[in-house]
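I opened this notebook to record what I looked up, entry by entry.

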Amino acid sequence: MDVSSLAAAMVSARAGQMQLAVAAKMLKMNLDSQKSVLQLLQAGQQNIGQLANAAAGLGQNLDITV
């Protein structure tokens, strides 16, 4: 192998490492995003359960005139 081939192989290997690092970071960000969405959905589910127990007609006769 000549020096230029060796240098090109090293540059390619470094680029491949960078691509793998970026892909791993993107996967982690995607998992964090999905976790946040799941927490939001669970909170909404809990709130719906609490609202379902509210009295029928609650808030229908609210006067908001100024």
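I took buried to mean under 20% relative accessible area, exposed over 50%, and partly exposed in between, with a 1.4 Å probe and protein chains only. By that scale K28 is partly exposed, because its relative accessibility is 48%.

I noted that this is a predicted model, in which local features need pLDDT of at least 70, side-chain atom pairs count only at pLDDT 80 or more, and totals for chains, interfaces and linings use all residues. Residues are numbered from 1 along each chain as its sequence is written, and side-chain values use heavy atoms, with hydrogens and water left out.

I checked the fold, taking helices (H or I, at least four residues) and strands (E, at least two) as DSSP runs numbered from the N terminus. The chain holds one helix and zero strands. Of its 66 residues, 0% count as buried.

I searched the whole structure for salt bridges (a Lys or Arg side-chain nitrogen within 4 Å of an Asp or Glu carboxyl oxygen) and found one. K28 pairs with D32, their closest N and O atoms being 3.2 Å apart. Both belong to helix 1 (residues 3-52), four residues apart, about one turn of the helix. D32 is partly exposed, since its relative accessibility is 39%.

I then looked for patches (residues with over 30% relative accessible area and no salt bridge; like charges joined within 9 Å, nonpolar side chains Val, Leu, Ile, Met, Phe, Trp, Tyr within 5 Å). M18, V22 and M26 form a nonpolar one on the surface. M18 lies in helix 1 and is exposed, at a relative accessible area of 53%.

Conventions
Areas by Shrake-Rupley, 256 points an atom, 1.4 Å probe, with all protein chains shown as cover.
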